[in-house]
Amino acid sequence: MLLYNTLTKKLEEFKPIKKGEIKLYHCGPTVYWTQHIGNLRGMFCADLIVRIFKYLGYQVSHVRNYTDVGHLTSDEDTGEDKMEKRARIEKLSPEKIAEKYIKIFEQDTRELNMLEPTVKPKATEHIQEMIEMVQILVAKNYAYATDLAIYFDVSKVKNYTKLSGQILEKNIQGAGKSEVSDPQKKHSSDFALWFFKAGAHQNALQFWSSPFDSKLVKDGEGFPGWHIECSAMSKKYLGNTLDIHLGGIEHIPVHHTNEIAQSESTNGVKFTNYWLHNEHLLVNNKKMAKSEGTSYSLSEVKKKGFNPLSLRYLFLTTHYRSKLNFTWKSLEASEKALNRLFDFMRGSRSEGDIPKCRLQNETQRPKHTQVIKNYETQFQRALENNLDTPKALAIIWEMIKSKELKDDDKKTALLKFDKALGLGLDKITTKEIKISNEVEKLIKQREEARKNKDWKKADELREEIKKRGLAVSDKSVG
Ligand SMILES: [Zn+2]
C-alpha cells in the first residue's frame, strides 16, 4: 500500500506498527451546526480508508472524536467558543447544542453508508485526561502559565513546523493574532492548552476546575484548548503512536502541527507515522460559503430528490487529495451512474447477455475465474496506489461491460469490491432476494389462476403481491 504522507511529502510504502492492525485517528466535527457536504467529504475519506484497510484484511481501530468545547471561532485561539456562541443564538445549553448536532451528523453518516468508528469520544467527557497531559507538559517545562491561560511554548520543541514546513521566525499562519489579548504570552506562536475562565472567557458556559493557578479564578476554573483534546483522546484510545492520522488540509498549519508538538513532548515518542490530508470540496469552483447559500447540507441534497449515496459516488469519482468541484449537474451524473449499478445488481440472472459466438469459443477464452481474478487484482492495485478510487470505479465499469463473464460472477465480484467502496450494493440484493422469495410463490399461483381463467383469484393474488411492495402487470406473468 502506497500512501502520500504529508509529513515526508512523498508517497511511502505503508508499514503498520503491528502486523495486520491499523490505529487510525480522525479529527471529528465540532458539533455546533449541521455539517455541510464539504465536512462530510472529510468524514467519507476516513470511512474510505477504514473500509479499504478492512478489505485488505487489516483489523482497524478507528477513533473519531466530537469537539464539544474549546474550539474558538478562529482556529488561532481567538474569538468565542463555537459551541457557546451557537448556544446563545439558539437559546439552548451547549450540551443540548452538542446533542442536537451529533444526532443530525450521525444520521448523515448512516445515510452515506459510513461504518461506525470503534470509539467516538466527546471532548467534554475527557477533561481529566487533558488536564493530566497539560500537567506533564508543565512539569517538563514545555508549557507555562499566564493569568489567562496555560500556553504551550513552541520554542521548546525542535522542528515545531515539520508538518507544514512553515518558517517559525516569519509570522506563521496561526500565530500572533491572540498576542494582543494576553501580554504575558512569550512567543506569538504559543498556543493555549487551558483557558482560564477569565478575560475574554470570563462568561464561559462550560468550565471545569483544574490544578492550574491563576490569580483571576478560583480552583483553576477553565476549559481545554481545542488542540489538546485530540492529543489526549488519541492517546487514551490508541496509545502514544498512531499508524495514521487523518484530517482536512486546513488543519496542517495549526491544529495538527500543535497536536504533534503536544503529543511528542508529553510521550517522548513519534506521534503519527502517516499523516493523510483530504482536499476541499468546492461548489461551482468556489469555496463553499454560507453567505452565498452554497454550504449545502445532506438534507438539502435529499430535498432535491437525490439518494445520499449518489453523493458518496461523487466523492469516489475524485481522488481524496484533489479538490472536488460539486455542482448539481455532477451529482446528477453520479446518481445516474449509481442507478445503473443498482439496476445491474437487480438485473435478471441470465446468461443470454453473452453473445452466442462467444459461447462457442468457450474453450479458447481464459476461465472466468481467471478473468475475475484479474479484475480483483487491478481493483486492489488501484486502491493500494494511494487510494485511487476513480481508477477503481473505472475498473468496475470495465468489468460490468466484459463479455467474458457471466452476470452472476460480476455481481459476486461487485459485492466484494463494494466492501471497500460502500455504495450499499449489498442492501440492494438482500432486499431483492427477500422480495423474490416471498413473492415468487404468489406469482406462480397467479400464473396458474390466469391459465385456469380464474380471474377473481388472479386479482386477489395481484393484491397480495402488491401488498408486499411489488407491482405485477399481466405482461410479466401472462
Ligand atoms: Zn484533531
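What spacing do the donors of the zinc ion follow along the chain? The spacing is C-x202-C-x24-H-x3-E.

## Model and overall fold

This is a predicted model, in which local features need pLDDT of at least 70 and side-chain atom pairs count only at pLDDT 80 or more, while totals for chains, interfaces and linings use all residues. Residues are numbered from 1 along each chain as its sequence is written, and side-chain values use heavy atoms, with hydrogens and water left out.

The chain has 16 helices and 15 strands; these are DSSP runs numbered from the N terminus, helices being H or I with at least four residues and strands E with at least two. Of its 478 residues, 53% count as buried (buried means under 20% relative accessible area, exposed over 50% and partly exposed in between, with a 1.4 Å probe and protein chains only). Among contacts in the chain with a separation of 6 or more, 75% are between residues 24 or more positions apart; a contact means heavy atoms within 4.5 Å.

## Zinc site

The zinc ion has as protein donors Cys27 (SG), Cys230 (SG), His255 (NE2) and Glu259 (OE), at 2.1 to 2.3 Å. Donors are N, O and S atoms within 2.8 Å of the metal (3.2 Å for Na, K and Ca); water is not among the atoms, so sites may look incomplete. Because the four donor atoms subtend angles of 79 to 130° around the zinc ion, the arrangement is irregular. Four donors count as tetrahedral if all angles lie between 85 and 135 degrees; four count as square planar and six as octahedral if opposite donors are over 155 degrees apart and all others between 65 and 115; anything else is irregular.

Cys27 lies in the loop between β3 (21–26) and α1 (37–55), and Glu259 in helix α6 (residues 252–267), so this pair ties together parts that are 232 residues apart in sequence. Cys27 and Glu259 are both buried.

## Helix packing

Helix α4 (residues 127–139) packs against α6 at an angle of about 70°, with the axes 9 Å apart. Axes are lines fitted to C-alpha atoms, for helices over the stretch in contact, and angles run from 0 to 180 degrees between N-to-C directions. The two helices, α4 and α6, are therefore roughly perpendicular (angles under 35 degrees count as roughly parallel, over 145 as roughly antiparallel, 65 to 115 as roughly perpendicular and the rest as oblique). Met133, Ile136 and Leu137 of α4 meet Gln262, Ser263, Ser265, Thr266 and Asn267 of α6.

Helix α8 (residues 308–316) and α9 pack at about 105°, with their axes 8 Å apart, which makes α8 roughly perpendicular to α9. Residues of this contact include Leu309 and Tyr313 of α8 and Leu338 and Phe342 of α9.

## Individual residues

Phe344 is found in helix α9 (residues 328–346) and is buried, with a relative accessible area of 14%. Not counting residues up to four places away in sequence, Phe344 touches Ile400, Asp407, Lys410, Lys411 and Leu414. Phe344 and Ile400 are 56 residues apart in sequence and 8.3 Å apart in space, C-alpha to C-alpha. Glu332, also found in α9, is partly exposed, with a relative accessible area of 47%.

Asp153 has its place in the loop between β8 (149–152) and β9 (191–196). With a relative accessible area of 4%, Asp153 is buried. Its contacts, not counting residues up to four places away in sequence, are Tyr142, Ala143, Tyr144, Lys186 and Asp190.
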